[in-house]
Amino acid sequence: MTSGPTAPATGVPWRHDLVGGLLAAALGAAVVLHVRTFPELPDGQPGPALFPGIVGTLLVVFGLVLVVRAVRARGRATAEAAAPGVTAQGRWRALAVLGLVVAYLLLAEVLGFAVTMGVLLFLLMWLLGARPLVAAIATAVTVGFIVLVFGELLLVPLPRGFLG
Amino acid sequence: MLADPTLVVVVLASAVYGLFIGAIPGLSATLATALLVPFVFFLDPLPAIAAVITMSAMAIFAGDLPSALVRMPGTPASAAYTEDAYLQTRAGHGARALGVALLGSVIGGVVGAVVLMVAAPLLAEFALQFTSYEYFWVAVLGLTASVIISAGSQVKGAISLLIGLLLATVGIDIALGYARFTFGSTDLLQGISFIPAMIGLFGLSEVLRNVMRPGGPVRVARLRTQGMFGETLRTLRRYWRRLVSGNVIGSTVGALPGAGGDIAAWVSYAATKNTSRERHLFGKGEGHVEPIVSAGSANNAALASAYVPTLVFGIPGDTITAILLGVLLVQGVQPGPELFANDAPLLYGVYLIFIIANLLLVPLGYLAIKGSSWLLRVPGSVLMPVIVAFCVVGSFSINNGYLEIVIMLALGVLGYLLERGGFPLAPVVLGLVLGPIVEKNFMQSVIKTNWDLTQFLTRPVSAALVLLTALVLAYPLLRGLVRRRRTVDASG
């Protein structure tokens, strides 16, 4: 098939396509196996399993198509490998972002929203390279805004923690 | 109704917000929508729709600012003509380029809104005859189109769609009430909560992408705005045909399910380049203003006409309307032909908001151009963490639950990985929104007729929709054949 008429080529290396295709096919296969445990309709017609079954089957098909095309494209991979690589530093920064969310999930109930988010936001800004004073002001403004707008105006019960 | 102070405040606040997010390179209008949703979730349907309409119109225009000033598109909808806008600025024509982008956006938005006002009621009358068979096929058509027109590889578009459809099957099933893929979690019985999913897919994933590749300090090109409007009007008069063609292309592409402002801009840019006598100037040297006239208007026209399928069939025209549709469904508003028969005030409100939002774009857009160099200096090291905080709180606020934050986190990682692998995200959203509609209408139809599948093909409207779906599926094959013929002709 052809690529889109308009947008430029995304320049994804063929190895990514190989892995992506295999993952899609594996996911599809797992779904197909799992839905066999779903019950049928009383008259023996397919019920809850029908749609996920079709989706799973198609995932296997398209995943394998992607794998085949990736393997075929292997020879002319040099021109495609133009996607800029991710540096180790970039990876750490992304992990820090995910770390904020996970840490919030673990700590919010204990420490409350304001303390948890305040500390985590400041740390993340600092890790990403903001100056401490700027980070402190931005953190205070953000936490204050969320407490006022979500907590007071929209009545979202933000976690209170030990302070409440 | 429109003098309601809440509405005025909502429109103004979302306008400023849209200009801000749109002007930051790497943050799309879809991200802006996803982060806006936790706020509009608490509003009535009309102010909620108004907020999204105003915000997105502003954001799509504001995306042109960093294009012209730092050579980075603010939103993907500006990417097609970023090179031209930047080269124009460097050659001293930046004010004209941005003026054209601004007035072109306003005109595009109004034209798209007029298309919506004319086309939507007509289509709605037609859609009133629809039964579960037709809704099944309309949804299938929408899903098919979203894959065929997705950017990049269609195989990947299909996989994206299937992932969306699969996520949509989580929870209680429609036929038996059986819990699918919940893995024992009672919270998942309701399915994957849509709004946190969107916040993850478009909010968190964009933050991850941005922090992975931080740009150096941006160098902002200088801009002189004296005599801007006079020069802009002269340019628009000179290239008025481009304005017309850009708007026709934009309104048409925008109304297709899954294709939004970015694809409209690319198609319009390509069409302009193919037919222009001055195409040798495009993207080189001093750049050219002609593609900015057409593509800069096309993306805003597409934004408005995306509401046609959204309001008439409940099939979103782009990712922004997909998110809005999800919100409306949660609020208990079911878009569809009945909406046109029963809720005229809401519809007229929506039409009016489109006009107001686009007129408001003139003064606010002008101020944004004036203040653009300041807007572009907001450091990412501060902004990205703030966005993460809003992703977390926004997801939580939907149901006051931590599962929503986990869903947001999981889909954020998924969205990042998909984008990195070249899988488009729009089909995922379409699958998530339309999956339940496809399944529900199919199951209702077959249970009603005791598995008489011929009903899906023999009813006249159904048959027409099947044919249309087949044509959409055949389109890439046909185009491939035509292209092969052409290359053969050219070489032989």
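Predicted model: local features only at pLDDT ≥ 70, side-chain atom pairs only at ≥ 80, totals over all residues.

Me: At what angle do helix α4 and helix α5 of chain A pack?

Reply: Two packed helices are described by the angle between their axes and the distance between the axes. The axes are lines fitted to C-alpha atoms, for helices over the stretch in contact, and angles run from 0 to 180 degrees between N-to-C directions. Helices (H or I, at least four residues) and strands (E, at least two) are DSSP runs, numbered from the N terminus. In chain A, α4 (residues 88-111) and α5 (residues 113-127) pack at about 160 degrees, with axes 8 Å apart. Therefore α4(A) and α5(A) are roughly antiparallel to each other. Residues are in contact if their C-beta atoms, placed from the backbone, lie within 7 Å. Among the contact residues are A:L100 and A:Y104 of α4(A), and A:M117 and A:L120 of α5(A). This contact divides into 14 nonpolar residues, one polar and no charged. Here Ala, Val, Leu, Ile, Met, Phe, Trp, Tyr, Cys and Pro count as nonpolar, Asp, Glu, Lys and Arg as charged, and the others, Gly among them, as polar.

Me: Which classes of residue make the contact of α5(B) with α10(B)?

Reply: α5(B) and helix α10 (residues 240-255) of chain B pack at about 50 degrees, with their axes 10 Å apart. That makes α5(B) oblique to α10(B). Residues including B:G104, B:G108 and B:G112 in α5(B) meet residues including B:G250 and B:G254 in α10(B). By class, the contact has four nonpolar, seven polar and no charged residues.

Me: Is B:L467 buried or exposed?

Reply: A residue is buried if 20 or more other C-beta atoms lie within 10 Å of its own, exposed if 12 or fewer, and partly exposed in between, with C-beta atoms placed from the backbone. B:L467, in helix α22 of chain B, is exposed because 11 other C-beta atoms lie within 10 Å. B:I355 belongs to helix α16 (residues 344-370) of chain B and counts as partly exposed, with 14 C-beta neighbours inside 10 Å. Leaving out residues up to four places away in sequence, B:I355 touches B:V110 and B:A113.

Me: How many residues does the largest nonpolar core have?

Reply: A nonpolar core is a set of buried Ala, Val, Leu, Ile, Met, Phe, Trp, Tyr and Cys residues joined through C-beta atoms within 7 Å. The largest has 217 residues, and B:M198 and B:V388 have the most contacts inside it. Helix α5 (residues 82-127) of chain B gives the largest share of this core, 20 residues.

Me: How many residues does each chain bring to the contact between chain B and chain A?

Reply: Chain B brings 52 residues and chain A brings 54. On the side of chain B that touches chain A, the largest share, ten residues, comes from α18(B). That side divides into 35 nonpolar, eleven polar and six charged residues.

Methods:
Residues numbered from 1 in each chain as written. Chains lettered and ligands numbered in written order. Parallel < 35°, antiparallel > 145°, perpendicular 65-115°, else oblique. Contact = placed C-beta atoms within 7 Å.
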